[in-house]
Amino acid sequence: MASTNKDVETLNSFLRGEISAVETYRQAIGHVSDGLARDALEYCQHDHEHRVEEIRERILRMGGEPVESSGMWGTFAKLVQGGADVLGEKAAIQALEEGEDHGLADYQRDADQVHGENRRFVRMELIPAQKRTHERLSRLKRTLH
């Protein structure tokens, strides 16, 4: 049971990060006028929304209570994105890419904090999905320069 509680705690940490990513993308999309950039950001947002649902379902199946908000991470992400919005699209995309870097680092650092099927889920589904959104954002950033 202790490992289940630890898994729920770690998955909830991942969930807060994913909720924060969705909120931050939503805010950034509102400030992007370029159609291709908007499409890429919407793709990334939907990818993060999918991860939110997958993590929530997994926590519920384990008998845990999924968090409902991004907590402090969301507050920090909004401050960073708010500053980037003032500076323009390139800065907003740079801030999103830094958020993707941070999310990937969190998954890689904490993957071994979960056990069994949850570890496989993090390593085989969440990390590759995080790498995919990061790469899409990196490509977008390169096209805007």
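A residue is termed buried when its relative accessible area is under 20%.

**Figure 1. Helix H4 and its buried residues in the predicted model.** By this criterion, the buried residues of H4 are Glu89, Ala92, Ile93, Ala95, Leu96, Glu97, Glu100, Gly103, Leu104, Asp106, Tyr107 and Asp110. The helix comprises 22 residues and spans 32 Å from its first C-alpha to its last, close to the 32 Å expected at 1.5 Å a residue.

**Figure 2. Overall organisation of the chain as five helices.** The secondary structure includes zero strands, and the order of elements along the sequence is α-α-α-α-α. Of the 145 residues, 45% count as buried. Among contacts between residues at least 6 apart in sequence, 76% join residues at least 24 apart.

**Figure 3. The largest nonpolar core, with 18 residues.** Leu11, Phe14, Leu15, Ile55, Tyr107, Val122 and Leu126 touch the most other members of this core. Two or more residues are given to the core by each of helix H1 (2–29), helix H2 (35–61), helix H4 (89–110) and helix H5 (116–144). The greatest contribution is that of H1, with six residues. A second, separate core has 12 residues, among them Ala28, Ile29, Leu41 and Leu137.

**Figure 4. Surroundings of phenylalanine 14.** When neighbours within four places in sequence are left aside, phenylalanine 14 is in contact with Ile55, Asp106, Tyr107, Asp110, Ala111, Val122 and Leu126. Of these contact partners, Asp106, Tyr107 and Asp110 are listed among the buried residues of H4.

**Figure 5. Arginine 58 with glutamate 117 and phenylalanine 121.** The side chains of arginine 58 and glutamate 117 form a salt bridge at 3.8 Å, N to O. Arginine 58 belongs to helix H2 and glutamate 117 to helix H5, so this pair ties together parts that are 59 residues apart in sequence. Arginine 58 is buried, with a relative accessible area of 10%, whereas glutamate 117 is partly exposed at 43% relative accessibility. The charged end of arginine 58 also sits over the ring of phenylalanine 121, at 4.0 Å from the ring centre.

**Figure 6. The salt bridge between lysine 141 and glutamate 97.** The two side chains meet at 2.6 Å, N to O. Because lysine 141 lies in helix H5 and glutamate 97 in helix H4, the pair ties together parts that are 44 residues apart in sequence. Lysine 141 counts as buried at 19% relative accessibility, and glutamate 97 counts as buried at 8%.

Figure 7. Arginine 119 is partly exposed, with 28% relative accessibility, and aspartate 112 is partly exposed, with a relative accessible area of 44%. A search of the whole structure finds 16 salt bridges.

**Figure 8. Arginine 136 over the ring of tyrosine 43.** The charged end of arginine 136 is positioned over this ring, 3.6 Å from its centre. As for pairs of aromatic rings, a search of the whole structure finds one.

Conventions:
Residues numbered from 1 in each chain as written. Predicted model: local features only at pLDDT ≥ 70, side-chain atom pairs only at ≥ 80, totals over all residues. Heavy atoms only, no water. Core = buried A, V, L, I, M, F, W, Y, C linked by side-chain atoms within 4.5 Å. Buried < 20%, exposed > 50% of the residue type's maximum accessible area, 1.4 Å probe, protein only. Helix = DSSP H or I, 4+ residues; strand = E, 2+ residues; numbered from the N terminus. Contact = heavy atoms within 4.5 Å. Phe/Tyr/Trp six-rings, centres within 6.5 Å; stacked < 30°, edge-to-face > 60°. Lys NZ or Arg CZ within 6 Å of the ring centre and 35° of its normal. Expected span 1.5 Å × (residues − 1). Salt bridge = Lys/Arg side-chain N within 4 Å of Asp/Glu carboxyl O.
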